[in-house]
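The paragraphs after it go through the chains in turn, then a contact between two of them, and then the packing inside.

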Amino acid sequence: MALLRVENVTKRFGGLEALKDVSFSLHDGQVKALIGPNGAGKTTLFNLISGIDRPTSGHVFFRDEDLGRLAPHMASRLGVGRTFQHSKVFDDMSVLDNVKVGRYGRSHAGVFSAFLTLPRHRREEKAISEASLRALRRVGLGDRAHESAGNLPVGDRHLLEIARSLASEPTVLLLDEPAAGLNNEETAQLAEIVRRVRDDGVTILLVEHDMGFVMDISDEVVVLDYGKKIAEGPPLMIRNDEEVIKAYLGEDL
Amino acid sequence: MTFDQFLQYVFSGVTTGSIYALTALGFTLIYNATNVINFAQGEFVMLGGLTAVSLHEAGAPLALAFVGAVAIVATVGVVFQLLAIRPLHSAGILAQIIVTVGASLALRTGAMLIWGREALPLPPFTGDEPIKVSEATILPQTLWVLGLTLVIVVTLQLFYRRTLTGKAVRACSVNQGAARLMGISYSKVVLLSFGMSAAISAAGGVMITPVSFMVYSSGALIGLKGFAAAIFGGLGNPAGAVFGGLALGILETLAIGALPMSGASGYKDAVAFLILLIVLFVKPQGLFGGRSVEKA
Amino acid sequence: MAALVFLRRHLAFLAFSVVILSAPLFTGNIYYLSILAFMATRLMIALGLNLLMGQAGQISLGHAAFVGIGAYGSAIMTTRWNMDPWLAMLFSAVFAAAVAGLIGVPTLKLKGHYLAMATLGFGEIVHILLVQFKWLTNGTDGIGGIPSLAIGGIDFGDPQMFHWLVWGVVLLMLRISLNLVDSRVGRSLRALHRAEVAAMSLGVNTSFRKVQVLMVSAVFASIAGSFFVHYVQYVSPVSFTLTFSVILVTTVVIGGLGNVWGAVWGSVLMVLLPEYLKRYNQDYTLLVFGVMLIVIMIFLPGGLVSFKTLVAKTRERLGGARTASAAGPGPARGS
C-alpha cells in the first residue's frame, strides 16, 4: 500500500483555486519529484502534505491518518519531515541547536523537568546532542556544529534544513527546491546526499526547478500546471509528454 | 429608559464614537500599508487636541488652529515613521510593537512636560446653545464632529478610488510590489499613510476637545478604544473601522445608562475592553472580516 | 576536575549569588535594603517576561495585572480571610496562571499583536476592577495591615531576613530560567519565535508552548506581587497601571531580549535609574524610558548584555578581517 496518498485534493484561497482535484501516491522507498511552472501549486501542496495547511476538499493520507484532521505539528510526529523553499533556518541559534529542535518530537522533557534539570532530563539532552550530531554528519555539516546558523552560506542552509528534518527520523521527507541557488558541484553533492538518505530507507518527495537534477534522481515525476495534475510517470516518459512540453513552452526541459 | 433618554445616550455615544472611528481609521491606514499596529495612535489624537489649544491661545482663529494642529501632528507622524519605524522594516512584530509602545510613552510624557497635568479646553466651533430634538438635546459641536467625520471618511474614499496615488496605496495593502508597478515607491506610500493616519487622528482630537477637554494622558485610552473599534469592524477594513467606532461609542454610553447600579460610570471604560476581549476570543476577524481574512 | 567544569559553567551564577546574598553583611541601611528588595521583586517579573518576550517572541502589555493578582490575592486572602500567607501566595499564582491560560489560548493562535492588545485590554480591566470593587479591594484607599512572612520562628519582617528570603527565591527563579533556556523546551520557544512554521514542521506544538510560557511568566509576576505586598504591608491600585506594564517591558528590553541575564541587568538599571533621576526631576523618567525603548530596539536590539558583542564586532570591523576570530561571536544564550 502507498505510504502517502493525496486524494482529490482541492485548495482554494478566496476566489483563487490553487489546486484542482489533485491525486497521486507515494510508495515506500521512492524518490518522487513534483514539477511545474511557477504558480502551479507545488508549495501549496507541500503545505497540505506537511500538515501546515488544510485542503478545501479531498484528503491527504499518511498511512491511515488523515493529515487534514490533525494539528499542524502532528505530521512531523507521524513521520513527515520537510524543508522550505525560502530558508527557514533559526538564524540566531547555533547549527547544532537548529538540529536539536528536530529532535523535539522524539524527546519528552517538559517545562518542569527542564526547570529542575533532573537526571532523566540530562540523559535525554545527551541523547539529543548525539542524534543531532549524527544528523549533521549525514549531510556533511558535522564540523560546523557550533557556528551560528545565520553565518552559513545558502547551500549549507539547505543542508542544515535537511539535517534538522532528518533528526526527527522522518519516513517521508519533503524537499522544497533544495538545489535552488546551488552551483553544479554543490548540486551533485546534494544529489549524493539525497540518494544516501533514500538508501537509508527514507521516502522522498521533492519540488525542484533544476530539471537535470530532477531527471537524474527521481524514480517518478508528477507534473502540475495551474493547480492541475497533467502528467505522472517515470522521467523519460515525462520528458516526451506533449502536454508537459506545452506547459513548459519556451523552457528548457 | 425612555425614548428621549435613549436618544440622549445615542447622541453622546455617536460623538465619542466618531473619535474612536477616526482613531480606528488611523490604525487601519498604517496597518494596511505596513502591517504595523501603532500603539502610539492615541497619542496623535491627544497631540492634535493640545496643539490646537496652544495655537488658539496664541491667537490663531479656531479654523486655523484646527488646520495647523492637523498639519503639525501629520509631520510628527511622518518623522516618527522615518526615525523609528523605517529602521525596523524587517525586524519582526515584536520589535515594531516595542518601538511604538516606546513612542507612545515618550509622546505622552513629552506632552505632560509641555502642557502640564491639567485638562485643557477649546471653545466650541460655533456656539454652545443646545439644540432640542424631541426631549433630548444635542450640542452644535456634536453636529460638527459628525459632519467633519463624514467629510473625512468621504474624502478618504474619493482619494482611494479616484486618484492614482490612492489606488497605489490600496494596491500596497495587497502587495507591496504592486505600487512599484504603478510608478510609486513603496516607501512613499508608507510615509503618506503615516502622515494621513496621524492627520486623521489629530483632527478627531481637535474636534472632541471642546466636548470633553484634552489632557496629556487621554491618548492611551482613546488609542485602545480605537483599536477595539478597528478589531470590532475587522482589522484592516476601513468601513469596518468607522462602523466599529460608532458602534463602540454608542454601546459604551448605553451600557452605562442601562446598568441599574449607582457608580456604574466607573465601569464605562471597561465596556470597550470587554468588547475587545470578546471579539478577540469569539470572532478575531471582526464583524466584517479583516484584511488577512480577505487574503486567505 | 568535575568540580572545575561545574565551576566554569556556573561561574556567573555563583558569583552573582555570592555578591547579592552577602550584601546585608556590608550594609544594614534600611534604604539600601529596601531598594534591593524592590529590585528583587522587579527581577522576578522581568525573568518571566524575558522568557515570554526574549525566548518565545510574544509580548504582554498587561503584566502589571498579573503582578496585581498576586499582590491583591495575597492581601485579600491574608487580611480578610486570615489565610496562611504562603497558601495565599500559591492560590494567587495558580489563579494568575489560569487567567493567563484563558487569555492565551484564543489569542496566541493569532499574530503577535493580538496578544499585545488582549493583555493590554485585560490590564486595564483589572485596574478598573481594583478601583471599583470597593467591597473587596477597598478601592483607591487600598488594603493595609498585611502581615509579614514567617516560617516557623523566623520573622521575615526584619529587612535583612527578608533580603535573604526574597533573593533566595529570585536566585531559584534565575536558575530554573537558565535551565529552561538550555533545554528542549527553550529551544522550541526560540525556534517558534524565529520561524513558527518551521518549528511546527519539526513537531513543535507551538500554540501550546506559547500559552505555557505566558502562564509561567504570569506565575513569576504573581509571586513577585505577593512578596512585594508582604514587604510593604500595603497595596493600592495605583501600582497596577498600563504605565507599569510598559515599564516592565522596558526593563526586559533594555537588559536584553534573548538572554536571561538581560533581565538581571535590566532590573538593576531600571530600579537604580529612577532613584537617580528622582534627584533632578521625576517627570523626565518616563520620557527617558520611552526614548530608551526606541533607541535600544534600533541600535542595540540585544540590549545591554549584547553591548560587549557590539563592541567586539565594531572593533573587528575597524581592525580588519585579520584579527577576526574564526568562530565569531556565538549565538545569544542563557547559561
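Of the 253 residues of chain A, 45% count as buried; a residue is buried if 20 or more other C-beta atoms, placed from the backbone, lie within 10 Å of its own, exposed if 12 or fewer, and partly exposed in between. This is a predicted model, in which local features need pLDDT of at least 70 and side-chain atom pairs count only at pLDDT 80 or more, while totals for chains, interfaces and linings use all residues. Residues are numbered from 1 along each chain as its sequence is written, and chains are lettered from A and ligands numbered from 1 in the order in which they are written.

Chain A contains 10 helices and 10 strands. Helices (H or I, at least four residues) and strands (E, at least two) are DSSP runs, numbered from the N terminus. Along the principal axes, the C-alpha atoms of chain A fill a box of roughly 60 × 40 × 35 Å. The radius of gyration of chain A is 19 Å, which agrees with the value near 18 Å that a compact globule of 253 residues would have. This radius is taken over C-alpha atoms, and the globule rule is 2.2 Å times the number of residues to the power 0.38. Among the contacts in chain A with a separation of 6 or more, 66% are between residues 24 or more positions apart; two residues are in contact if their C-beta atoms, placed from the backbone, lie within 7 Å.

Ser148(A) lies in the loop between helix H5 (119–138) and helix H6 (154–166) of chain A. Why does Ser148(A) count as buried? Ser148(A) counts as buried because it has 20 C-beta neighbours inside 10 Å. From Ser148(A) to Ile238(A) is 90 residues in sequence and 42 Å in space, C-alpha to C-alpha.

Chain B has 12 helices and 2 strands. Read from the N terminus, its elements run α-α-α-α-β-β-α-α-α-α-α-α-α-α. The radius of gyration of chain B is 19 Å, close to the 19 Å from the globule rule for 296 residues, so chain B is as compact as a globular protein of that length. Its C-alpha atoms fill a box of roughly 55 × 50 × 35 Å along the principal axes. Of the 296 residues in chain B, 52% are buried.

Chain C has 15 helices and 2 strands. Its radius of gyration is 20 Å, close to the 20 Å that the globule rule gives for 335 residues, so chain C is as compact as a globular protein of that length. The C-alpha trace of chain C spans about 70 × 50 × 45 Å along its principal axes. Of its 335 residues, 53% count as buried. Among contacts in chain C between residues at least 6 apart in sequence, 76% join residues at least 24 apart.

Next comes the place where chains B and C touch. This contact takes 33 residues from chain B and 37 residues from chain C. Which element gives the most to the side of chain B that touches chain C? It is H4(B), with 15 residues. By class, this side of chain B has 28 nonpolar, 4 polar and 1 charged residues. Here Ala, Val, Leu, Ile, Met, Phe, Trp, Tyr, Cys and Pro count as nonpolar, Asp, Glu, Lys and Arg as charged, and the others, Gly among them, as polar.

Inside chain C, helices pack against each other. Two packed helices are described by the angle between their axes and the distance between the axes. The axes of helix H4 (residues 63–79) and helix H5 (residues 85–107) of chain C come within 8 Å and cross at roughly 145°. Axes are lines fitted to C-alpha atoms, for helices over the stretch in contact, and angles run from 0 to 180 degrees between N-to-C directions. The residues of the contact of H4(C) with H5(C) divide into 12 nonpolar, 5 polar and no charged. H5(C) also packs with H11(C), at an angle of about 145° and with their axes 8 Å apart. In that contact, 15 residues are nonpolar, 6 polar and 1 charged.

Finally, the largest nonpolar core has 268 residues, of which Ala163(A), Ala202(B) and Ala228(B) touch the most other members. A nonpolar core is a set of buried Ala, Val, Leu, Ile, Met, Phe, Trp, Tyr and Cys residues joined through C-beta atoms within 7 Å. Helix H11 (residues 206–232) of chain C gives the most to this core, with 15 residues. Leaving aside neighbours within four places in sequence, Ala202(B) is in contact with residues including Phe44(B), Leu47(B), Ala69(B) and Val73(B).
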